[in-house]
Amino acid sequence: MTEIDAGDTAWMLIATAMVILMTPALGLFYAGLVRSKNTLNTFMMCVAALAVATVMWALVGYSIAFDEGNGIIGGLDHAFLRDVTFEPRDGTTIPHLLFMAFQASFCIVTVALVSGAVVERMRFGPFLVFAGLWSVFVYAVLAHWAFGGGWLQEKGTLDFAGGIPVEMGSGFSALAAALVVGARKDYGRQAMLPHNAVYVLLGAGLLWFGWFGFNGGSGFSTGNSSVLAFTNTLLCPAATLVVWFALDLIRGRQVTAIGAATAIIVGCVGITPAGGFISPGWALALGAIAAVPSYAIIVLRPRTRVDETLDVLAAHGIAGLTGILFIGFFAQQSWNGVSDGLFYGDAGQLGLQALAAVAAPAYAFVATFVILRVVGLLMPLRATEHEEALGMDIVQHGEEAYVTGEGAILIAHEADGEAVPPVASRF
Amino acid sequence: MKLVIGIVRPEKANDVLEALYRAEVRGVSMSRVQGHGGELDRVETYRGTTVKMGLAEKVRFEIAVSDEFVQPAIDALCEGGRTGEVGDGKIFVVDLERAVRIRTGETDHGAVTPVGT
């Protein structure tokens, strides 16, 4: 049994709070990308993740992910946070309770990520149900495979901060969700433009900030691997930005703001699995390389009938997959103290990475498809066409993001007997 | 020469534009307005304050057309703007006294006929 280390614990407390900030940051990022009439609903799907995923994580999710169990799924010994105390979590120098909270923040933001595939048409109630089920049956299972002693971790697949459960898990689930829920009614027929690029940039910036806790905290210490991952989280997205600018210039002769925001995400995602395993130099190279496949998917996807609205597959699934495979080539034992990749003499590591790059997307896609089909049997997943036209903010929440207040009449006084005259009679 | 004013739902504005385009009616102004017709009030709640939104967002089209294009413009507004629910909006047609194209000084029929037709 290791001892609690004060420095490590202090850093992990901060890192957890930073990752929690990523979920509202994602809400801002997503809200800016949708039409103004869906701003609140889109943001609320991320808030819903803070609610539902946290509760499900405490009830069963954490146990399924991090209790021993078998190779596929964890046990229920930690259900309801039983035996999750101030004692150090095995293999770390931080309290088990803090370890659980840090991992919870990952589950929350991953559930929020998936919402990007279904915004602007999925009803809020079914999304809450889906979020709860998904956090347990997809996220927690994949987290068990990668981090909780599951079969991928046993074989030696490397995933520093969640390329498997977070990035490939959300990305390929998003594809399945988009297919089950179906396209928005005007998809491919009318231009549906992001309504506030400033939100998108600010959201991306806050996400990048949070990602320093996400990757930098995934060493669970203030040790070398955390410092390496932290620094690589600075370098990799910067390289992605530069290459994205170049791709934008080649393609459209202008560097776009929303493209830049997307590049930040792609770079952060790319370095997520690889952060503590590759040298800073290779982190720059990974950032540059990761831009290309994600950029290609973002350009090509809207030409298909798949309305994977906010490109979670391209930004997370594909970039995560790139990062996972990159480890297999360029992991370097002199930097990570664990394993070498193909380039440094161990071809076997690439095979293990490829295994994860096949198994995790396949499981995420199939499981999400089934969960949404089942939820769809119990309740309609989508708003009606008329409701979709009105906008999800008014229909689902009875609020608007940009309310003027003109013509609004207080109706609380009606209870006193003196009815306020309706606006029409005063014209 | 008439001025056709169509007030429609904002979510149908794109459909109206499409319909006008198909009817070959060119020369359209569009503005966002707030109005109240016969539709039910929308109730919204903000932190415990419940309000009735007496005014609804609408889009107002203004289309100056020569006489033969009055009916196509009206048809397009109806076709694009109709949902069948209360609140689809209204169309007003008013006589137009004069029209001047600023660039050329052309007046009346010449001014409301798009260049190139």
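I looked up β1(A) and β4(B) and found them joined by three bridges, running antiparallel. This is a predicted model, so I read every value here as computed. I then checked who faces whom. A:Ile409 stands opposite B:Lys52 of β4(B). A:Ala408 has B:Met53 of β4(B) opposite.

Entry 2, the strand pair within chain B. I went on to β3 (residues 42-46) and β4 (residues 49-53) of chain B. They run antiparallel and are joined by five bridges. One pairing I noted is B:Thr45, whose bridge partner in β4(B) is B:Thr50. I also looked at the turn. β3(B) and β4(B) make a hairpin, with two residues between the strands. In that turn, B:Arg47 has a positive phi of about 50 degrees.

In what order do the three strands of the open sheet lie? I read β1(A)-β4(B)-β3(B), with antiparallel pairing. β1 (408-410) of chain A and β3 of chain B stand at the edges. Each has a single partner strand, so one side of each lacks a neighbour in the sheet. As a reminder to myself, strands of a sheet pair through backbone hydrogen bonds.

I looked up the residues involved. 18 residues of chain B are in contact with 18 residues of chain A. On the chain B side, β3 and β4 each supply at least two residues. How does that side divide by class? I find five nonpolar, eight polar and five charged residues.

I moved to α1 (residues 6-33) and α3 (residues 96-114) of chain A. They pack at an angle of about 15 degrees, with their axes 9 Å apart. That angle makes α1(A) roughly parallel to α3(A), since angles under 35 degrees count as such. I logged the crossing as left-handed.

Next I listed who makes the contact. From α1(A) the residues include A:Met12, A:Thr16, A:Val19 and A:Leu26. From α3(A) they include A:Leu98, A:Phe102, A:Ser105 and A:Val109. Which classes do the residues of this contact fall into? They divide into 15 nonpolar, four polar and no charged.

Definitions and conventions
Residues numbered from 1 in each chain as written. Chains lettered and ligands numbered in written order. Predicted model: local features only at pLDDT ≥ 70, side-chain atom pairs only at ≥ 80, totals over all residues. Axes fitted to C-alpha atoms, helices over the stretch in contact; angles between N-to-C directions. Helix = DSSP H or I, 4+ residues; strand = E, 2+ residues; numbered from the N terminus. Parallel < 35°, antiparallel > 145°, perpendicular 65-115°, else oblique. Left-handed = near helix turned anticlockwise from the far one by under 90°. Contact = placed C-beta atoms within 7 Å. Nonpolar A, V, L, I, M, F, W, Y, C, P; charged D, E, K, R; others polar. Pairing = 2+ DSSP bridges.
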